[in-house]
Amino acid sequence: MTTDASARAIKPELLRTYTEDFNKDRANLIAADAAVSAGVLKAATDYRGVRALPRDFSIELKQGSITNQERSGRCWMFASLNTLRYELMHRWNLEDFEFSETYLFFWDAMEKSNTYLENVLRTLDEATDSRLFEAINWGPSDDGGWWQMFAALVNKYGLVPKSAYPESENSRNSDDFKQYLNSKLREFAAELRRRSVAGASEDELRALKDEYMGTVYRICAVSLGEPPEEFDFFARTKDDAEADADGKAESCKCEGKSDAKACKCDKDKSDKPKTGKDERPQIREIGITPLEFYRKYVPVDVNDFVTLANAPLKNRPFNQRYRIRFSANVAEAGDMEFVNVPLDVFKKAALDQLTAGHPIWFACDCTQFALRKDGFFDQSVVRVDQLFGTEFTGDKAHGLEYGDSPSNHAMTFTGVNLGEDGKPNRWKVENSWGKDAGKDGYYVMSDAWFDRYVTELIIRKEYLDDATRALLAAEPVELDPWQPLTRRCR
């Protein structure tokens with residue numbers, strides 16, 4: 001249909017009507033005063049909504065110190081490591097612990113670079129403006145990722161404590177490092193395509209790719225420092241524990257014995273002279289490799305987790321396994337997969353895992369109806385509908401289909417509050433934005449916000465129902481890399 005320019009323009013007479021309508025409503029003037037002075041989120045904060053979300057929970061897990069991804073897109077990595085460190089701390093009776101996020105960040109940059117160049121070789125016949133190549137070329141080695149990318153890195157490279165490979169300026173603030181790494185990778189891609197047109201064989205192109213990866217390694221090593229091949233590990237267990245021959249912390253052996261008049265463990269402790277020396281049991285490892293450390297000290301297998309999604313889209317039927325093409329970071333590990341399930345199945349798996357005492361990696365849109373500084377995720381707290389005088393009625397399907405609320409951040413559930421009816425009404429969230437964000441680093445999420453904006457959970461297989469577990473053996477439906485639920489969390 002053809003229309004002239006005047007029909008497409010904003011009409012001056014309508015603008016006059018808009019401003020007259022705005023100024024004759026006192027609520028608009030008050031809202032403008034508040035928003036212009038304090039910002040939209042502060043002006044829209046509803047104190048009644050805040051009071052309706054207290055920060056106590058009937059089920060709550062004891063976690064270590066809050067971590068901080070700072071100015072980087074490593075949320076998925078932090079959330080993954082926070083999930084595992086909880087299991088390590090409670091297995092070995094440690095007061096606190098943090099893995100090195102930089103260690104996996106180094107290898108993720110290397111692996112994404114290699115996979116990007118491999119994907120370039122797989123798509124030599126694609127035009128550079130094709131939708132597929134644009135998706136591949138969008139962020140060759142960007143920071144974002146998913147749990148399965150984390151699992152692929154751990155399977156191949158293991159884990160190290162933060163003391164063995166601490167943060168650097170370029171892991172804390174990754175933009176400059178990744179900007180120039182991505183620029184170089186795109187130069188390499190253009191040359192591979194040029195050589196292919198000139199008649200180079202696949203073997204010649206792959207040899208050139210291997211040469212390029214030497215430059216990638218140099219960029220990563222200059223930016224982050226080389227990762228350790230082996231390291232020493234030292235930790236002290238809590239005061240109320242002893243270490244067994246394998247280094248595992250054990251509690252008092254007299255506990256629960258009704259015939260014991262006095263605890264022998266306490267007597268042994270009281271007989272020792274107080275010197276000021278730290279007598280807590282020690283765990284010591286000399287020259288352990290990252291893979292050895294993961295296998296010995298992490299009491300869970302990263303391959304025993306499944307990605308559940310709740311995406312109520314017509315073209316994504318529930319109770320189906322899906323695979324996203326070109327989504328791997330480690331080329332040989334395979335692409336990301338998930339099982340799409342109804343909300344009741346999705347939420348029950350989360351409740352079962354938390355109730356059993358295990359934290360949960362999850363992904364959501366952290367920007368919608370959220371107070372970053374104060375630590376709230378709830379539409380009843382952020383009343384932009386009242387501030388702007390308009391309802392926001394989009395549902396979960398709309399948010400995914402139209403790209404309004406994609407998964408863009410990963411965090412960890414460490415608690416939930418159950419009402420008298422046994423149903424959840426709020427969730428405790430461990431974030432990775434430092435202790436000054438939220439309440440000492442923790443957020444509270446209403447159950448309604450969970451339903452609307454949480455799209456992915458990482459669940460241990462033992463907490464899946466039989467029907468969902470059976471879907472893991474089904475042939476996956478393949479999705480293109482630009483479809484909903486394919487955006488990497490940052």
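Let me begin with Leu15, which counts as partly exposed because its relative accessibility is 46%, a value that lies between the 20% under which a residue is buried and the 50% over which a residue is exposed. Leu15 sits in helix α2, which covers residues 12-23, and together with Ile10, Leu14 and Tyr18 it makes a nonpolar surface patch of about 410 Å².

From there, let me turn to Asn82, which belongs to helix α6, residues 75-92. Is Asn82 buried or exposed? Its relative accessible area is 2%, and so Asn82 is buried, since the term applies under 20%. As for what surrounds Asn82, if we leave aside residues up to four places away in sequence, it touches Gln63, Thr67, Thr412 and Glu430. The side chain of Asn82 also takes part in a polar contact of 3.1 Å with the side chain of Arg85.

Finally, a word on confidence, for those of you who are looking at this model now. The average pLDDT of the chain is 93, and 93% of the residues score at least 70. Over residues 247-251, however, the pLDDT is below 50, although this stretch has 19 contacts in the model beyond near neighbours in sequence. Residues 255-263 also have a pLDDT below 50, and that stretch has two contacts beyond near neighbours in sequence. Where pLDDT is low, the predicted coordinates should not be read in detail.

How values were computed
Residues are numbered from 1 along each chain as its sequence is written. This is a predicted model: local features need pLDDT of at least 70, side-chain atom pairs count only at pLDDT 80 or more; totals for chains, interfaces and linings use all residues. Side-chain values use heavy atoms; hydrogens and water are left out. Patches are made of residues with over 30% relative accessible area and no salt bridge: like charges are joined within 9 Å, nonpolar side chains (Val, Leu, Ile, Met, Phe, Trp, Tyr) within 5 Å. Accessible areas come from the Shrake-Rupley method with a 1.4 Å probe; for residues, only the protein chains shown count as cover. A salt bridge is a side-chain nitrogen of Lys or Arg within 4 Å of a carboxyl oxygen of Asp or Glu. Helices (H or I, at least four residues) and strands (E, at least two) are DSSP runs, numbered from the N terminus. Buried means under 20% relative accessible area, exposed over 50%, partly exposed in between (1.4 Å probe, protein chains only). A polar contact is a pair of N or O atoms within 3.5 Å; within protein, one must be able to donate a hydrogen and the other to accept it, and residues adjacent in sequence count only if both atoms are side-chain atoms. Contact means heavy atoms within 4.5 Å. pLDDT is the predictor's confidence in each residue, from 0 to 100.
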